[in-house]
Amino acid sequence: MNENPNGGAPVAESRPPLTAALTGAELQRWYWTLEELTALARAMGVARSGGKTVLTARLVAALDGLPLPAAPARRRPAAAQLAGPVDGDTVIPPGQRCSQVLRTYFVEAIGPGFHFDAFMRDFIARSAGRSLADAVAHWHATRPDAARPREIAEQFEFNRFTVAWHRRNPAGTRAQAREAWFAHRALPRTPAGG
């Protein structure tokens with residue numbers, strides 16, 4: 001809120017238009033969707049690759065006339081992926097993704113409660129040369145850790161907000177949480193360390 005120059009009640013700030021006229025600091029004060037940031041990058045001729053955090057850093061530098069951060073490394077060509085049928089002896093190839101073929105196998109081997117969580121995504125990404133039976137064993141071994149609450153990464157701001165909101169409002173509805181989210185994202189952010 002800003003002071004009212006006429007001496008009345010404080011005036012609520014409103015989010016400015018997302019244009020190249022903003023400063024980097026002003027861009028960072030407000031919540032913007034990836035779609036909005038991508039549109040600004042396109043309009044400014046700034047590379048649009050990378051996630052929201054990387055794109056925001058690139059836009060902040062461009063708006064402030066600073067050198068742009070290094071572009072992310074280009075992805076290697078897609079590696080060959082497993083095709084069905086697979087079994088416990090199937091070896092995970094380098095570059096294997098968490099595919100529908102793997103999901104089908106794991107649901108059959110583990111049960112309908114299977115889902116690709118951080119533990120399984122990491123195992124698949126880092127376990128070239130190991131078997132799908134090893135992956136099933138990894139799933140079962142990581143269930144105690146998977147049941148513990150984890151901090152949601154910063155780039156997933158909507159998810160972080162809704163989890164915190166539901167913690168504070170256990171009887172709240174999904175519609176109420178979304179309404180609170182829209183009100184929250186319309187407010188300026190508190191400066192880091194402020």
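Let's start at Phe 182, which sits in helix α8, residues 174–185. A helix here is a DSSP run of H or I with at least four residues, a strand is a run of E with at least two, and both are numbered from the N terminus. Buried means under 20% relative accessible area, exposed means over 50%, and partly exposed is in between, using a 1.4 Å probe and protein chains only.

A quick word on what you're looking at. This is a predicted model, where local features need pLDDT of at least 70 and side-chain atom pairs count only at pLDDT 80 or more, while totals for chains, interfaces and linings use all residues. Residues are numbered from 1 along each chain as its sequence is written, and side-chain values use heavy atoms, with hydrogens and water left out.

Now the overall picture. The protein has eight helices and zero strands. Of its 194 residues, 27% count as buried. The accessible surface is about 12,900 Å², and carbon and sulfur atoms hold 56% of that; these areas come from the Shrake-Rupley method with a 1.4 Å probe, and for residues only the protein chains shown count as cover.

Let's go inside. A nonpolar core is a set of buried Ala, Val, Leu, Ile, Met, Phe, Trp, Tyr and Cys residues joined through side-chain atoms within 4.5 Å. In the largest one, with 16 residues, the members touching the most others are Leu 102, Phe 106, Phe 114, Met 120, Ile 124 and Leu 132. Two or more residues of this core come from each of α4 (100–110), α5 (118–126) and α6 (132–146). Another core lies apart from it, with 12 residues, including Trp 30 and Val 60.

Which residues does Phe 114 contact, leaving aside neighbours within four places in sequence? They are Arg 103, Phe 106, Val 107, Met 120 and Trp 139, where contact means heavy atoms within 4.5 Å.

Next, how do the helices pack? The axes of α2 (residues 34–44) and α3 (residues 52–63) come within 10 Å and cross at roughly 40°. Axes are lines fitted to C-alpha atoms, for helices over the stretch in contact, and angles run from 0 to 180 degrees between N-to-C directions. The two helices, α2 and α3, are therefore oblique to each other: under 35 degrees would be roughly parallel, over 145 roughly antiparallel, 65 to 115 roughly perpendicular, and the rest is oblique. Their crossing is left-handed, and the residues in contact include Leu 37 and Ala 41 of α2 and Leu 55 and Leu 59 of α3.

For α5 and α6, the axes come within 9 Å and cross at roughly 145°. This time the crossing is right-handed. A crossing is left-handed if the near helix is turned anticlockwise from the far one by less than a right angle, and right-handed if clockwise. Among the residues making the contact are Phe 123 of α5 and His 138 of α6.

One last stop is the loop between α3 and α4, where you'll find Pro 85. A cis peptide bond joins Gly 84 to Pro 85, with omega about -5°.
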